[in-house]
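Reader: I have a model open and would like to go through it with you. Can we start with the terms?

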Amino acid sequence: MEQAPPDPERQLQPAPLEPLGSPDAGLGAAVGKEAEGAGEESSGVDTMTHNNFWLKKIEISVSEAEKRTGRNAMNMQETYTAYLIETRSVEHTDGQSVLTDSLWRRYSEFELLRSYLLVYYPHIVVPPLPEKRAEFVWHKLSADNMDPDFVERRRIGLENFLLRIASHPILCRDKIFYLFLTQEGNWKETVNETGFQLKADSRLKALNATFRVKNPDKRFTDLKHYSDELQSVISHLLRVRARVADRLYGVYKVHGNYGRVFSEWSAIEKEMGDGLQSAGHHMDVYASSIDDILEDEEHYADQLKEYLFYAEALRAVCRKHELMQYDLEMAAQDLASKKQQCEELVTGTVRTFSLKGMTTKLFGQETPEQREARIKVLEEQINEGEQQLKSKNLEGREFVKNAWADIERFKEQKNRDLKEALISYAVMQISMCKKSLTLSPRLECNGMISAHYNLRLPCSSNSTSSSRVAGITGVCHHA
Amino acid sequence: MGTLGGAGLAAAVAAGRARTLGMEGERRASQAPSSGLPAGGADGESPGGGAPFPGSSGSSAVLQAEVLDLDEDEDDLEVFSKDASLMDMNSFSPMMPTSPLSMINQIKFEDESDLKDLFITVDEPESHVTTIETFITYRIITKTSRGEFDSSEFEVRRRYQDFLWLKGKLEEAHPTLIIPPLPEKFIVKGMVERFNDDFIETRRKALHKFLNRIADHPTLTFNEDFKIFLTAQAWELSSHKKQGPGLLSRMGQTVRAVASSMRGVKNRPEEFMEMNNFIELFSQKINLIDKISQRIYKEEREYFDEMKEYGPIHILWSASEEDLVDTLKDVASCIDRCCKATEKRMSGLSEALLPVVHEYVLYSEMLMGVMKRRDQIQAELDSKVEALTYKKADTDLLPEEIGKLEDKVECANNALKADWERWKQNMQNDIKLAFTDMAEENIHYYEQCLATWESFLTSQTNLHLEEASEDKP
């Protein structure tokens with residue numbers, strides 16, 4: 001059973017015209033071009049490359065999963081699951097789809113793709129992958145990665161991941177993504193050749209920036225708080241849901257025990273025999289109905305989990321902003337201090353403590369030539385610094401603009417998706433109630449009463465009183 | 001056929017009234033005193049739990065009016081008035097109660113051929129503290145129109161020990177009748193304090209059942225000790241108790257009984273063999289069912305506990321989501337409503353199913369005892385016959401003794417047979433009723449949850465349509 005993302009996502013729409021043209025390596029125009037990996041956050045250049053538009057619609061699906069064994073990096077036998085990715089193009093005119101590509105990928109390759117996207121699109125809220133290990137399990141659910149149910153849910157999650165990327169106006173044009181879908185061999189090497197790992201910001205740097213930054217954009221600070229809250233509330237909800245599922249499972253399954261006892265009992269009971277048999281049967285059916293019900297609920301849980309992981313993606317964008325902002329602040333600070341140094345040298349006044357000042361005091365003044373040389377160096381540095389500051393500033397502002405645009409997009413997507421998920425939860429509850437209701441009335445109408453009373457009691461109140469009278473009087477004193 | 005004349009009217013009214021009481025949680029079915037009909041129809045049931053009648057006369061009109069007045073619950077009133085109209089006009093109005101449950105009950109009291117003339121309630125547990133001990137007494141109110149009772153209304157207080165005494169006396173007087181079971185002395189598992197409220201309430205209900213079952217039993221209801229139990233003042237009762245066969249003689253009886261039972265039963269008649277098998281199997285099954293039912297209750301309780309936490313999380317979430325506030329709050333309220341429905345379902349289970357099943361667990365133990373006693377009586381006869389055959393003891397008196405014993409055995413067997421049929425009927429009906437109740441509770445539960453979620457869904461779709469139309473320029 002597939003978790004169905006809203007239809008538009010299934011098909012790649014032509015990307016809307018965007019003034020903030022990140023210079024993506026257009027897929028159409030990618031032929032022969034080296035994959036730049038469209039990472040540079042801003043260029044003032046407006047690259048509305050018309051070649052990038054998809055004229056055809058594309059369907060992507062992760063249709064199968066297969067267990068495989070192979071040798072891993074340490075040359076040891078390992079078992080893993082591979083997933084079949086199929087790409088179809090749908091012709092405009094007749095809506096027929098033609099299989100254009102199909103290849104197998106494993107989970108680690110998906111992870112690689114995502115890491116790459118994170119580095120090259122730090123201003124984008126990059127869709128998350130389905131969980132690596134099963135969490136929030138209730139007791140019957142297996143936490144084993146090889147468990148078929150888990151694999152099936154992961155397959156759906158991976159398909160969802162690809163569809164989200166494919167429907168993102170910017171990410172869909174990335175060449176590496178395109179190659180992921182089309183180039184079976186050597187894709188890993190191609191990705192690594194982009195050198196994206198080197199471009200990644202170090203965790204330490206990011207952490208440092210988070211603590212030290214003085215003036216981050218307030219919207220990002222708020223966003224960070226929001227994502228923390230989102231993560232905590234969804235985790236809580238998933239935990240309780242798992243416990244509720246556990247208990248519900250217990251209630252249904254214990255009813256099943258009645259089934260066996262009733263059938264054994266019906267063997268000795270002459271008059272009640274039929275009733276007991278039928279009741280027992282219904283108990284069994286009731287007890288087994290819970291399995292499907294809870295399977296459906298797992299899909300709901302998966303929908304929530306996606307947004308749980310999205311919280312982390314949001315935080316990544318915030319972190320990047322903080323890093324850039326911190327960088328900017330540091331650069332500004334550096335520039336300011338250099339300017340001051342220069343000024344001091346020029347004017348000869350020493351206002352701040354500096355090592356140079358000390359050594360000058362200790363070892364005597366430096367020669368005018370030396371001073372001139374130093375001033376010159378400083379002035380060059382200041383110039384450079386000013387240039388850098390300007391470009392950093394520009395970068396920062398571009399980043400904020402682009403990131404915020406994507407965040408707005410994300411917010412709308414999230415509201416739509418979560419609302420849909422909640423509604424689907426209600427639909428699930430309704431179907432569970434209906435299912436259980438179809439089982440119960442028969443329990444009382446058929447089995448328990450009729451055998452002895454020889455009377456089919458109507459489950460609705462339609463029959464006329466007189467027929468009921470006939471039924472009743474016909475039954476009295478049935479010894 | 002249910003006689004719907006005046007006499008039958010009173011009984012039916014009474015039974016109907018009892019039934020409405022029953023709707024509040026007690027559905028005990030025991031057969032009305034029907035002296036001539038041991039297997040009186042499949043449906044010869046009048047719901048137990050006799051209602052105290054303020055007036056003592058048997059006039060149907062008075063009864064009817066007063067019963068109607070007493071009814072507070074709208075639903076009960078409605079159902080009851082339908083029943084009354086049934087009785088009155090001897091025709092059936094189209095406004096029949098739709099629940100199959102009420103239909104069963106109608107079937108039952110229409111079949112009443114005899115007046116139920118003894119109504120007992122057990123209520124108002126009170127704690128008494130003396131220097132030696134603390135104990136609970138229960139108030140027992142008896143209303144009757146029987147001639148052999150001095151008055152028409154009695155109120156006494158009894159404690160558990162007194163019930164035990166009564167049971168012992170009944171067993172003595174009628175060794176092969178199926179005496180209703182008493183609730184256990186105490187439940188070992190999970191009992192911290194002997195007198196916690198739930199325990200007392202459960203016991204009270206069971207004691208109420210106990211007395212009513214005796215009252216409904218064709219033979220036991222006329223037992224003298226029973227009458228004394230219901231009517232005597234405390235001091236009268238204790239002096240009466242002391243009058244019984246002394247401790248030593250009772251012990252003697254027990255010794256004889258044990259001795260004879262040790263000889264084993266060689267010639268248990270075929271029908272009693274069957275009975276024994278049934279009892280053994282029944283005992284197995286009912287114990288299992290008891291365990292399962294307790295377990296279901298436990299699981300439902302734990303489910304309820306978890307659900308209580310589930311709704312509020314959505315409220316918490318709505319605090320950080322501007323656009324989803326309403327949806328989340330609605331979901332939370334739906335969950336809370338389903339939670340309440342679960343609670344109702346649980347309480348239905350604990351009031352309708354669990355006590356019934358448990359009573360029959362005790363009954364099954366009781367039945368084994370009855371079989372034993374029957375076997376003992378027979379064994380006594382057999383041993384005398386043996387003595388005669390082998391000329392072991394003084395043979396002059398033996399034939400006379402044997403004659404008496406043969407009579408005794410025949411009496412005992414017949415009594416048991418008759419009572420057995422009656423008990424089986426009751427058992428089948430009770431168990432059926434209990435499970436039907438449970439099924440109905442389940443149905444109500446699911447119907448309620450369904451309605452809750454469906455209304456949520458409609459409100460969401462309506463909202464969506466509203467928004468859509470708002471967007472249109």
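Author: Helices (H or I, at least four residues) and strands (E, at least two) are DSSP runs, numbered from the N terminus. This is a predicted model: local features need pLDDT of at least 70, side-chain atom pairs count only at pLDDT 80 or more, and totals for chains, interfaces and linings use all residues. Residues are numbered from 1 along each chain as its sequence is written, chains are lettered from A and ligands numbered from 1 in the order in which they are written, and side-chain values use heavy atoms, with hydrogens and water left out.

Reader: Fine. Which helix holds Lys167(B) and Glu171(B), and how many residues apart are they?

Author: Both sit in helix α5 (residues 160–173) of chain B, and being four residues apart they are separated by about one helical turn. A salt bridge here is a side-chain nitrogen of Lys or Arg within 4 Å of a carboxyl oxygen of Asp or Glu.

Reader: Is Lys167(B) buried or exposed?

Author: Lys167(B) is buried, with a relative accessible area of 17%. Buried means under 20% relative accessible area, exposed over 50%, and partly exposed in between (1.4 Å probe, protein chains only).

Reader: What does Lys132(A) form a salt bridge with?

Author: With Glu111(A); the closest N and O atoms are 3.1 Å apart. This pair links distant parts of the chain, 21 residues apart: Lys132(A) is in the loop between α2 (107–120) and α3 of chain A, and Glu111(A) is in helix α2 of chain A. Lys132(A) counts as partly exposed at 36% relative accessibility, and Glu111(A) is partly exposed at 26%.

Reader: How many salt bridges over all chains?

Author: The count comes to 58.

Reader: Switching to the largest nonpolar core. How many residues, and which have the most contacts inside it?

Author: It has 74 residues, and those with the most contacts inside it are Ile234(A), Tyr310(B), Trp317(B) and Trp453(B). A nonpolar core is a set of buried Ala, Val, Leu, Ile, Met, Phe, Trp, Tyr and Cys residues joined through side-chain atoms within 4.5 Å.

Reader: Which helix gives the most to this core?

Author: α11(A), with 17 residues.

Reader: And the sheet, what is the strand order?

Author: β3-β4-β5 in chain B, an open sheet with antiparallel pairing. Two strands pair if DSSP finds at least two bridges between them. β3 (118–129) and β5 (153–159) of chain B stand at the edges with a single partner strand each, so one side of each is left without a neighbour in the sheet.
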